[in-house]
Amino acid sequence: MNDQATVLIVDDEKHTRDGLRLSLEDDFDCYVASNAAEAMEYLRNDHIDVMLTDLRLGEDDGMKLLDAALALPMPPVCIMMTAYGSVDTAVEAMRRGAYHFVTKPLNLDEVEILIKRALRSRSLEHENVALKQQVERKFSIEGILGQAEVMKPIIDTIQQVAPSRATVLIEGESGTGKELVARAIHNLSGRPKANIVSVHCAALSPQILESELFGHEKGAFTGAQERRIGRFEQANGGTLFLDEIGEIDASTQVKLLRALGEQTIERVGSSKPISIDVRVIAATNRDLAKMVEEGKFREDLYWRLRVVTIQLPPLRARKSDISVLADHFLKELAKANGKTYKPLGEDALPAMMNYDWPGNIRELRAAIEHGVVMSNSNRVMLKHLPSYLLNPHGLGIGLRAPSLIAAKDAATGTAPAGASSDPTIKPKSDLDITEAEHHLILTALQRSGNNRTVAAEMLGMSRRTLQRKLKDLNMVRTHRRRVTTPAQTSDS
């Protein structure tokens with residue numbers, strides 16, 4: 001087998017073609033062509049590593065041959081040669097993609113060295129592409145990007161648990177990508193063609209949630225004018241993703257426990273059991289273990305759900321992934337907004353690395369979209385990104401709720417990110433979690449103009465959770481009295 005690199009020599013002067021071939025054929029597998037048509041015939045039918053072509057080929061134009069060669073699926077490294085060398089010609093050839101430019105009369109030793117250097121450069125490019133693909137295969141599955149050390153065991157767990165039927169509980173702050181992980185597990189499960197059905201448990205009242213999950217019969221309750229197939233039946237043979245599982249009420253918890261244990265359900269208004277084949281993946285940004293201790297979540301259901309647990313880290317714990325995620329969003333959102341892809345400017349990434357990202361990946365994506373839309377130069381600069389990125393603790397919009405990790409920070413005496421410099425949210429005591437929560441919620445309501453939906457998003461919780469916390473903290477009348485204005489009475 002001949003493993004020599006192939007070189008195509010294109011020149012309309014026979015003595016130049018033959019001289020180059022004789023000089024190079026000991027080290028390379030050489031082809032010769034006298035015009036562009038012959039050259040393209042070789043390029044289309046053989047693998048050519050390097051093309052050495054004259055700028056003037058009789059009636060043909062060497063620049064056009066260069067363009068045609070580089071447009072091929074597997075283009076050769078192209079080196080231009082001419083007796084009519086000039087700086088302008090060299091610049092134009094390099095601009096179009098030529099590796100180098102040489103002038104006649106040729107120094108044959110120099111040409112040989114140049115070809116070998118070009119081949120080494122091509123080899124390094126191929127190795128870099130192969131290594132990058134290897135890294136992407138290892139640390140990027142089903143759209144989950146991450147090369148930080150904290151992501152490696154998560155990727156391994158996803159790959160290990162996906163083919164099984166085990167129930168999975170995904171924990172993590174709001175915006176860390178819990179649904180993306182759930183979909184990755186489903187897609188790698190061996191039956192990805194089956195449905196994955198999602199239910200946002202916090203967005204529905206208890207009665208509606210029960211009907212949504214299990215379905216209902218006609219006449220089961222007021223307004224039930226026809227039979228409804230629930231999400232469990234819709235997901236039969238596939239996966240049911242229950243987001244914000246910590247928000248479901250006690251009655252629904254009992255029925256969910258039975259569905260998990262017996263793989264049967266009953267529609268509301270019926271006592272007929274229906275067999276199901278559904279894998280359940282649940283997600284929460286709350287501390288379910290603490291809720292069990294407080295009697296707010298069934299212990300038996302908790303153990304049913306957490307056969308395998310995946311704890312997603314906040315973005316501030318995997319900052320080495322910010323550049324990878326940002327570049328991915330730059331490309332995705334440029335296309336979505338009808339814009340040209342622009343890389344980050346040199347001042348943008350340091351500010352992004354210094355920011356706490358209380359809203360995690362969801363907040364990063366929103367910030368990148370802001371930059372894509374607002375950029376009026378060839379890069380997305382810091383000035384094009386939201387102004388709150390200048391505050392490393394994220395007090396601009398990213399009010400970090402005292403959720404799972406924030407509560408742990410407070411319990412250990414560590415002030416959570418975003419709670420140190422704004423006097424409106426400073427608690428009376430560093431260890432008073434209730435007081436800190438009170439001030440965070442109040443500040444969010446002030447900044448959102450008393451819009452609870454917006455305030456809940458800023459705090460990283462559902463609107464229903466915010467409503468419950470307002471009631472628990474006896475803040476309903478207080479916050480309305482302190483922040484409502486005649487022009488801002490929205491309770492949406």
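Residues are numbered from 1 along each chain as its sequence is written, and side-chain values use heavy atoms, with hydrogens and water left out. Because the model is predicted, local features need pLDDT of at least 70 and side-chain atom pairs count only at pLDDT 80 or more, whereas totals for chains, interfaces and linings use all residues.

The secondary structure of the chain comes to 20 helices and 16 strands, where helices (H or I, at least four residues) and strands (E, at least two) are DSSP runs numbered from the N terminus. Of the 492 residues in the chain, 48% are buried; buried here means under 20% relative accessible area, exposed means over 50%, and partly exposed lies in between, with a 1.4 Å probe and protein chains only. Contacts are defined by heavy atoms within 4.5 Å, and among the contacts in the chain with a separation of 6 or more, 67% are between residues 24 or more positions apart.

A search of the whole structure finds five aromatic pairs. Rings of Phe, Tyr and Trp (its six-membered ring) are paired if their centres lie within 6.5 Å, and planes under 30 degrees apart count as stacked, over 60 as edge-to-face and the rest as tilted. One of the pairs is formed by Y302 and W303, whose ring centres are 5.1 Å apart and whose planes stand at 65°, so this pair is edge-to-face. Y302 is buried, with a relative accessible area of 6%. In another pair, the rings of Y355 and Y388 have their centres 5.6 Å apart and their planes at 40°, so the pair is tilted. Y355 lies in the loop between α14 (348-353) and α15 (360-374), while Y388 lies in the loop between α15 and α16 (404-411), so the pair ties together parts that are 33 residues apart in sequence. Both Y355 and Y388 are buried, and together with W357 they form one aromatic cluster. A charge over a ring is also found: K331 lies over the face of Y341, at 5.7 Å from the ring centre, the criterion being that NZ of Lys or CZ of Arg is within 6 Å of the ring centre and within 35 degrees of the ring normal.

On a 1 Å grid over the protein atoms alone, a cavity is a set of points where a 1.4 Å probe fits but cannot get out, and lining residues have an atom within 4 Å of a point. Grid points are joined across faces, edges and corners, and a volume is the space filled by probe spheres set on the points. By this rule the count comes to one cavity of 30 Å³ or more, and about 40 Å³ of space lies in the largest cavity. The lining of the largest cavity consists of L330, A334, K339, T340, K342, V372 and V380. These lining residues divide into four nonpolar, one polar and two charged, with Ala, Val, Leu, Ile, Met, Phe, Trp, Tyr, Cys and Pro counted as nonpolar, Asp, Glu, Lys and Arg as charged, and the others, Gly among them, as polar.

Several helices were examined in turn. R21 is found in helix α1 (residues 14-24) and is partly exposed, with a relative accessible area of 25%. Not counting residues up to four places away in sequence, R21 touches I9, C30 and V32; the C-alpha atoms of R21 and I9, which are 12 residues apart along the chain, are separated by 7.5 Å. In helix α8 (residues 206-214), the buried residues are L209, E210, S211, E212, L213 and F214, and what covers them includes β11 (196-200), α9 (231-234), β12 (239-243), α10 (250-262) and β13 (264-265). Just after α8, G215 takes a positive phi of about 80°.

Further backbone features occur elsewhere. E244, in the loop between β12 and α10, has a positive phi of about 55° although it is not a glycine, and E244 is buried, with a relative accessible area of 12%. E244 and E247 are touched by T465, not counting residues up to four places away in sequence; T465 lies in helix α19 (residues 463-472) and is buried, with a relative accessible area of 4%. N360, in helix α15, likewise has a positive phi, near 60°, and counts as buried at 0% relative accessibility. A cis peptide bond, with omega about 0°, joins K104 and P105, and P105 lies in the loop between β7 (100-103) and α5 (108-139).

Note on methods
1 Å grid on protein atoms, 1.4 Å probe; cavity = no way out; pocket = protein on both sides within 12 Å on 5 of 7 lines; lining within 4 Å.
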